[in-house]
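User: Could you walk me through this one? I'd like to start with the charged pairs and then move on to helix packing.

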Amino acid sequence: MLHQPLGILSKLLLIFFVLQNTAFATCQWNAELSPQVEKKQANQLTQDIETYYSLIEESLQHRSISLQLFGSLQNELESNAHLSAASLNHFKQAIKTHLKLRQRLYDMVQARKCWLPEEQNNDENFFVKQTSQAISIMQLKGIMLSLSAALNLYDNYLLVVASFQQEPQLRRIIDQPDSGFGLSSNHLMDATLAFNSVINRAQAKQAIQFYQREIKAYLTQQKNAEKTVKNDSVGYLKTLIEQSPSYQILQKNASLSFLQNKIKFYTVASNDSLVKLENEGVNLLSLLFGNTIGLVEARKGKLYQQKDLEQQISQQLKAGDILLEKTPFRLTDQFIPGYWGHAAIWIGNEQELRALDLWTHPIVQPWQKKINQGHAIVEALRSGVELDPLSHFMNIDDMAILRDNKLSKSQLRQVILNAFRQLGKAYDFNFDITTSDRIVCSELIYVSYLHIDWPVEKALGRYTISPDHIAAKVKDDTLNIVSLFLHGKEMTDNKKQHFINVLDE
C-alpha cells in the first residue's frame with residue numbers, strides 16, 4: 001500500500017534481516033524432528049501458505065486502491081492547498097486499516113525467519129546434507145514463505161518512498177502521531193534508517209542466495225520439475241519471489257546500495273524525512289508502479305490492441321453474456337486455481353438496455369454516460385467492481401464468451417440489474433461467497449445469475465467459486481459457447497470440445 005505507516009515496516013526489516021542469535025537459539029531449524037512434531041509443523045506450514053494466498057491478494061488490492069487514493073489526494077492538494085476533513089479522515093483510516101495487513105505479513109516473516117542457517121557453505125546444498133527429504137522441502141518452503149513476505153513489504157516500502165515523500169503535506173501527515181487512530185510518530189525517519197542499513201542489505205542478500213541455491217537443488221531432484229513447480233506451493237512461492245521488484249533489483253545490482261544513487265535521503269527539521277528522486281530513478285518508479293495493481297506482465301496479451309478483433313467481438317456480444325479470460329503472462333493468473341483466471345459480465349449498450357426497459361432504471365441511470373462511451377463490461381478488479389470498455393479487457397491470450405440462451409426477458413433483466421448493483425463494491429480478497437459487501441470476479445457471476453445452481457468449493461472454512469466453476473456449466477449445456485480464443489487464435493470448429501479440453505488439463 002502506498003501509504004502504510006513505516007514504523008512497523010522498519011522494525012520488520014531490522015528483525016528479519018538482522019539474524020539475531022537469541023532468535024536462533026529458540027527457533028533455529030531442527031532436522032531431527034519426531035514424526036509427530038514434523039507432521040504438526042508441516043500442517044501448520046500448509047495452512048500458513050494457504051492463508052498467504054489471501055494475504056497477497058489483499059496486499060495487491062491495497063496497492064491498487066492506494067494508487068488511486070494518492071492521485072485523489074494529490075489532486076485535492078493542487079486545487080485547495082490542503083486536505084478536507086473528510087479526506088484527512090479517509091487517509092488516516094486507510095493507514096490504520098493497513099497496519100493490520102502489515103502485522104499479518106510481519107507474522108509470516110517472523111514465524112520462520114530463523115529457519116535460515118546462520119552459516120552457509122556455497123559448495124554444498126541443503127538437500128544433499130539432509131537425511132529427510134520431506135523435512136528439507138518443508139524448510140525450503142518455510143524460508144521461501146518468509147522471504148516472499150519480506151520482499152512484499154520491501155516492495156511496499158519502495159512505493160511509499162517513490163510516491164508519498166514527493167508531497168510534503170502527505171509526508172507530514174504520515175509522520176504525525178494521532179492517538180485517535182493509534183498512530184505514532186517518526187515512521188518515515190525510522191523506515192529510512194532501516195532501508196539504508198548495510199546489515200539489512202547483507203542479510204537480504206544472504207536469504208536470496210540461500211533460496212537460489214536450494215531451489216535449484218530442489219528442482220534438480222524432481223523427476224518432473226516443470227509440472228511440480230507449477231502445481232505445488234513451491235511454484236507459487238517461487239513465482240512470488242522472482243517477480244518481486246525488490247528481488248529483481250537485488251538480482252541486477254547485488255545489493256540495494258545502488259538505490260542511494262537514485263534516491264537521496266535527507267533528515268530535516270521536525271523529523272520530516274525528505275527524498276529527492278533524480279531523473280534516472282524513473283525506470284525504478286515504472287517498475288514499482290507496474291507491480292502495484294497485481295498485473296506484473298512478462299509481455300502483452302496476444303489479443304491486445306487488435307481493433308478489428310474488438311469490433312468483431314463487440315458485434316457478437318449480447319447483454320448478459322459472461323466473459324472468461326486467461327493471462328498466463330501475468331503474476332496473479334498463476335495463483336487462480338484451474339485454467340481460466342478471470343470472469344466478467346457484458347451489460348450491453350443503450351439500445352439493448354432500452355429493449356429490456358432498463359435504460360431509465362434508477363440503478364442504471366448513473367452509468368448512462370459511461371455506457372455511451374463504450375463501457376459495457378462489469379468486472380471485479382483489485383481496485384473494486386468497475387464498468388470498463390472492451391479494449392481494457394482485451395490484454396489477454398484466451399477468451400470465451402458464454403451465453404445462457406434459455407434466459408427469459410425477466411430473468412435477463414434481473415441478471416443485468418444484479419450486475420449493476422455490484423458496481424463500486426470492494427474486491428473480496430477472502431473469496432468468500434457468503435459475504436455481500438465485497439465481490440471477487442467469479443462471485444460477480446454467482447450473485448448475478450441467481451437462477452443457476454453454480455458449483456462451489458469449501459476452502460479454509462469459507463465457500464468459494466472460481467472462473468473454472470463458471471466454465472464447468474458448459475459441460476451440462478447450461479451455458480453455450482458463443483466465441484472461443486485459445487493462445488491468441490479463434491477456435492471456429494469443435495469449440496465445445498476445445499473448451500472442455502483446456503478445462504480438464
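Analyst: Bearing in mind that this is a predicted model, Arg-213 is a reasonable place to begin: its relative accessible area is 17%, and since buried means under 20%, Arg-213 counts as buried.

User: And which residue does Arg-213 form a salt bridge with?

Analyst: The partner is Glu-214, with 3.2 Å between the closest N and O atoms, and Glu-214 is buried as well, at a relative accessible area of 1%.

User: How many salt bridges does the structure hold?

Analyst: There are 11 salt bridges; among them is the one between the side chains of Arg-112 and Asp-48, at 2.8 Å from N to O. Arg-112 belongs to helix 4 and Asp-48 to helix 3 (residues 35-80), so this pair ties together parts that are 64 residues apart in sequence, and both residues are buried.

User: What about Arg-403, which residue does it pair with?

Analyst: Arg-403 forms a salt bridge with Asp-321, the closest N and O atoms being 2.8 Å apart. Because Arg-403 lies in strand 7 (residues 398-403) and Asp-321 in the loop between helix 14 (307-316) and strand 3 (322-326), the pair links parts that are 82 residues apart in sequence.

User: OK, packing now. How do helix 4 and helix 7 cross?

Analyst: The axes of helix 4 (residues 85-112) and helix 7 (residues 168-175) come within 11 Å and cross at roughly 50 degrees, so the two helices are oblique to each other, and the crossing is right-handed.

User: Which residues make the contact?

Analyst: Helix 4 contributes Leu-88, Phe-91, Lys-92 and Ile-95, while helix 7 contributes Leu-170, Ile-173 and Ile-174; by class, that contact has six nonpolar residues, one charged and no polar.

Technical notes: Residues are numbered from 1 along each chain as its sequence is written. This is a predicted model: local features need pLDDT of at least 70, side-chain atom pairs count only at pLDDT 80 or more; totals for chains, interfaces and linings use all residues. Side-chain values use heavy atoms; hydrogens and water are left out. Axes are lines fitted to C-alpha atoms, for helices over the stretch in contact, and angles run from 0 to 180 degrees between N-to-C directions. Helices (H or I, at least four residues) and strands (E, at least two) are DSSP runs, numbered from the N terminus. Angles under 35 degrees count as roughly parallel, over 145 as roughly antiparallel, 65 to 115 as roughly perpendicular and the rest as oblique. A crossing is left-handed if the near helix is turned anticlockwise from the far one by less than a right angle, and right-handed if clockwise. Contact means heavy atoms within 4.5 Å. Ala, Val, Leu, Ile, Met, Phe, Trp, Tyr, Cys and Pro count as nonpolar, Asp, Glu, Lys and Arg as charged, and the others, Gly among them, as polar. A salt bridge is a side-chain nitrogen of Lys or Arg within 4 Å of a carboxyl oxygen of Asp or Glu. Buried means under 20% relative accessible area, exposed over 50%, partly exposed in between (1.4 Å probe, protein chains only).
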